[in-house]
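Subject: Structure handover

Hello,

Here is the structure for you to look at. My notes on what was found in it follow below.

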Amino acid sequence: MMQQTSWNLLLYPRGSEDPDFISLFLKRCENCNGPEKIALNFELSILDANGRDVESDTIEVEDLVFQKSASYGHSDFFERPKNILEDRVFTLDILRVRCTMWIGEGEVDKEALSYAKTRIALEKISFINTIESFATLKPNRKISFEVTSVSKDALKLSGNVYVRSEPVLEDEMMVEISLDSQNAHLITCQIYILNSAGKEVECGKIDTRNDLCRKSTLVAPINIGKRNLLDEKHEYLPNDKLTLRCECTLSNGIELQRIEETYYDLHLTPLLKERIRDTHFALCTSEPKSVSDDLRCLYKDQILSDIRLETVSKTFHAHKSVLCARSPVFASMLTTNMKEKLMNCIQVEDLEDSTIDQFLLFLYTDILEDLQWESAIQLYYAADYYQVQRLKDMCTSFMITGLNKSNMGDLLILADKHQDSDLKTAVEKFICKRDKEIFFTNEWESFMERNPVLAMKTMHYYLKNSKNLGI
């Protein structure tokens with residue numbers, strides 16, 4: 001475009017000089033084609049959700065020209081709102097900008113409209129941390145944890161849970177989370193307490209999207225103090241253990257950056273051009289649906305469903321093609337002369353309704369939502385039975401991350417029952433690295449009485465591998 005030249009629109013949401021302002025520049029690419037110099041006029045605008053100008057400025061270069069790699073604009077183009085999440089410019093956490101470019105005056109020889117999008121990548125990491133012997137936890141004694149994401153970047157989170165010791169806030173619980181990466185930063189952290197019934201109770205949140213500085217460490221207070229937790233120990237501290245679930249959102253750079261559409265030689269009336277702009281703006285600014293979004297609607301809205309999954313209390317409607325594509329067990333049921341194919345119905349009596357709903361949603365979207373310890377065990381069972389390996393791997397990773405002394409026995413039994421050598425080895429390593437903490441306890445004695453063969457195999461693993469494990 002523009003005599004075969006190439007351009008970049010440079011946007012600095014936190015300012016190029018002053019973080020109180022959004023900076024916006026038009027830059028000519030260094031390696032673009034076209035003449036060495038080009039005289040160009042342009043207008044920079046920030047738009048609201050309806051495509052209307054909130055702030056704009058026309059820059060006429062006049063005697064100045066764009067050489068290759070040259071840029072013009074404003075470092076203080078738009079004052080940054082105090083609360084981005086409530087500002088009309090940042091609807092759905094999206095910032096919309098427009099650059100209009102033209103050369104000289106007079107008759108338009110060739111007109112073009114281009115639409116581009118940049119999307120920042122986000123990653124959520126959710127993990128569980130259990131604090132044992134909570135009643136005797138001393139002030140400022142930090143209980144450390146560490147977790148690694150399963151993404152290709154393998155981002156590492158570490159942190160501490162502790163009771164802050166200050167005169168006024170001497171029983172306030174704190175969660176401190178740090179991100180070990182120079183290319184990513186923390187955005188939000190949501191904290192939940194898992195009560196004695198396994199239900200989540202929201203107890204803390206921190207959101208840095210309004211902050212000017214990017215964060216690699218977040219410190220979030222738990223809004224239920226230690227005294228209140230102890231007063232309500234039957235609710236929050238079963239067996240004197242505090243179980244927290246932390247859900248962190250990270251940003252690790254640009255996920256999408258592309259020109260989506262270009263129109264050439266429009267030669268349209270001003271009214272028609274404005275209608276095209278408004279229509280296309282509405283289409284481009286709303287986040288496009290992904291395949292998983294569309295398949296979720298297919299499942300939830302029961303569109304053209306042709307198979308039922310029935311429990312004692314509920315019926316779930318699904319699609320044979322999806323079930324067959326995701327599970328060889330379903331494929332065998334529905335492509336051979338089994339009763340499930342003939343009746344268009346699959347009886348499921350060993351899974352809870354909520355587990356089946358989560359399981360089916362995963363088959364349609366490849367996404368796990370609101371995963372907790374009990375639901376992970378149920379979904380692991382379903383994934384193993386119906387041979388959905390990806391779901392099984394994700395549940396395994398979640399359970400290993402949340403492994404602790406109170407649930408290690410259950411997980412060891414689960415791994416042994418399903419003949420899962422990887423999961424079993426992970427639990428055995430966990431036990432062996434904490435040998436004295438575990439082997440000399442009443443809980444381990446009870447485990448040996450109930451599961452003598454499994455306990456004997458674990459001890460054999462310990463004796464055989466203690467040297468390699470550095471014990």
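**Surroundings of Thr311**

Leaving aside residues up to four places away in sequence, Thr311 is in contact with Phe316, Val348, Leu351, Asp353 and Ile356. Please keep in mind that this is a predicted model. Thr311 sits in the loop that runs between strand S17 (307-310) and strand S18 (315-318). Its relative accessibility is 14%, so Thr311 counts as buried, the cut-off for that class being under 20%.

The side chain of Thr311 has two polar neighbours to report. With the side chain of Asp353, Thr311 makes a polar contact of 2.9 Å. A polar atom of the Thr311 side chain also lies 3.3 Å from the backbone nitrogen of Ser313.

**Aromatic rings**

How many aromatic pairs does a search of the whole structure find? The count is 13. One of them is Tyr12 with Phe25, an edge-to-face pair with 6.0 Å from centre to centre and 85° between the planes. Tyr12 belongs to strand S1 (residues 7-12) and Phe25 to strand S2 (residues 21-28), so this pair ties together parts that are 13 residues apart in sequence.

Are the two residues of that pair buried or exposed? Phe25 has a relative accessible area of 16% and is buried. Tyr12, with a relative accessibility of 34%, counts as partly exposed, because that class covers values between 20% and 50%.

Elsewhere, ring pairs join Phe330, Phe359, Tyr381, Tyr385 and Tyr386 into a cluster.

**Lysines over rings**

Two lysines are placed over ring faces. Lys142 lies over the face of Tyr162, 5.0 Å from the ring centre. Lys226 is over the face of Phe134, and there the value to the ring centre is 5.9 Å.

**Strands S12 and S15**

Strand S12 (residues 173-179) and strand S15 run antiparallel and are joined by six bridges. Within this pairing, Val175 stands opposite Ala220 of S15.

Which residues of strand S15 make up its covered face? In S15 (residues 217-222), these are Leu218, Ala220 and Ile222. The uncovered face of S15 consists of Thr217, Val219 and Pro221.

Regards

Note on methods. Residues are numbered from 1 along each chain as its sequence is written. This is a predicted model: local features need pLDDT of at least 70, side-chain atom pairs count only at pLDDT 80 or more; totals for chains, interfaces and linings use all residues. Side-chain values use heavy atoms; hydrogens and water are left out. Buried means under 20% relative accessible area, exposed over 50%, partly exposed in between (1.4 Å probe, protein chains only). Helices (H or I, at least four residues) and strands (E, at least two) are DSSP runs, numbered from the N terminus. Two strands pair if DSSP finds at least two bridges between them. Rings of Phe, Tyr and Trp (its six-membered ring) pair if their centres lie within 6.5 Å; planes under 30 degrees apart count as stacked, over 60 as edge-to-face and the rest as tilted. A charge sits over a ring if NZ of Lys or CZ of Arg is within 6 Å of the ring centre and within 35 degrees of the ring normal. A polar contact is a pair of N or O atoms within 3.5 Å; within protein, one must be able to donate a hydrogen and the other to accept it, and residues adjacent in sequence count only if both atoms are side-chain atoms. Contact means heavy atoms within 4.5 Å.
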